[in-house]
Amino acid sequence: MTERALRLGTRRSKLAMAQSGQVAETVSQLTGRPVELVEITTYGDTSREHLAQIGGTGVFVTALRDALLAGEVDFAVHSLKDLPTAQPDDLALAAVPLREDPRDVLIARDGLTFAELPNGARIGTGSPRRMAQLNAYARNHGMTIETVPIRGNIDTRIGFVHKGELDAVVLAAAGLHRIGRIDEVTDFLSVDTVLPAPGQGALAIECAASNASLTAALAELDDPYTRAAVTAERSLLAALEAGCSAPVGALADLLADGQIVKEMRLRGVVGTTDGSTLVQLSTTGPVPETHDQALALGRELAAEMLAKGAAGLMGERVL
């Protein structure tokens, strides 16, 4: 008797289906069981409001988690940056696979790079984090740009440039890699210019905490360095979310001496969306060996950023 197929819950977007399909193949090879995709529509997919208005994190995740808890699917794949920072007790974050390129990228008309954009260029992004850093960079380099809030899937966003409505859009490199459109990028934005969202480029594979055998099987996909990095980034985000409502960028990367990884550097930024004020700091320490050490790295940097004025950037947090 063949074992029944594992049901993988996924959002319906082209990107979600692509990344879930890649995970499904790997899990099928690992477990010897077929994996079928179960498409689930989330609130974030159907709402036309801007993400900031509908609550940001969680809007793409809740329906998938509900399906997991109801036993309608066996496991789910999320873009890690969509996950709320608090992990529910009844769900296991079974694996964080090796991270794709975490950078943001520009797709501009006429093959332009960011530095080549004309004065007054209109750049589309739905992310206050990207707006803050792009506007700060422009201010510091004598450029004049206008950041335009947009929503929609990758096709829709790139379409704004092709139709001439915008000069450029900013997207995540990882998503374009996963759907095979990375060759349309006209500029890879250095993380020194724009720090990505916490967890950007990483996937989260979640299942019911009660399903020990599946949790163990999925754990084979886990990349410990990626997990430590995103744990530190999300810990920074959680501590800043508690103390300020400004958009947060964060990236933890490994510093190697030859082939030997020596330390982890965590960088964080918060700023006002007009780019007039940014608080940007970094810290370097031993590579975290436990979950708690990774959490501590993020919390320590957050505390320094709040002390440097991050809390005051967007006004006091309204509870």
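This is a predicted model: local features need pLDDT of at least 70, side-chain atom pairs count only at pLDDT 80 or more; totals for chains, interfaces and linings use all residues.
Trainee: What makes the radius of gyration of the protein agree with that of a compact globule?

Mentor: A compact globule with 319 residues would have a radius of gyration near 20 Å, and the protein has 20 Å, so the value agrees with the rule. Along its principal axes, the C-alpha trace spans about 70 × 45 × 45 Å.

Trainee: Why is strand 3 called largely enclosed?

Mentor: Strand 3 comprises residues 75-79, and five of the five are buried, so the strand is largely enclosed by the rest of the structure. Phe-75, Val-77 and Ser-79 point one way from the strand, while Ala-76 and His-78 point the other way, and all are buried.

Trainee: How do you know that strand 3 pairs with strand 1 and with strand 10?

Mentor: Pairing requires at least two bridges between two strands. Two bridges join strand 1 (residues 6-10) to strand 3, and these strands run parallel; Leu-8 stands opposite Phe-75. Five bridges join strand 3 to strand 10 (residues 203-208), and here the strands run antiparallel; Ser-79 stands opposite Leu-203.

Trainee: Which residues touch the most other members of the largest nonpolar core, and which elements each supply at least two of its residues?

Mentor: That core has 22 residues, and Leu-236, Leu-240, Val-270 and Met-305 touch the most other members. Helix 9 (224-243), strand 11 (248-257), strand 12 (260-271), strand 13 (278-286) and helix 10 (291-307) each supply at least two residues. Helix 9 gives the most, with six.

Trainee: What is Leu-240 in contact with, leaving aside its neighbours within four places in sequence?

Mentor: Contact requires heavy atoms within 4.5 Å. On that basis, Leu-240 is in contact with Val-248, Val-270, Ala-302, Met-305, Leu-306 and Ala-310.

Trainee: What share of the contacts with a separation of 6 or more joins residues 24 or more positions apart?

Mentor: Such residues account for 71% of those contacts. The secondary structure of the protein comes to ten helices and 13 strands.

How values were computed:
Residues are numbered from 1 along each chain as its sequence is written. Side-chain values use heavy atoms; hydrogens and water are left out. Buried means under 20% relative accessible area, exposed over 50%, partly exposed in between (1.4 Å probe, protein chains only). Helices (H or I, at least four residues) and strands (E, at least two) are DSSP runs, numbered from the N terminus. A nonpolar core is a set of buried Ala, Val, Leu, Ile, Met, Phe, Trp, Tyr and Cys residues joined through side-chain atoms within 4.5 Å. The radius of gyration is taken over C-alpha atoms; the globule rule is 2.2 Å times the number of residues to the power 0.38.
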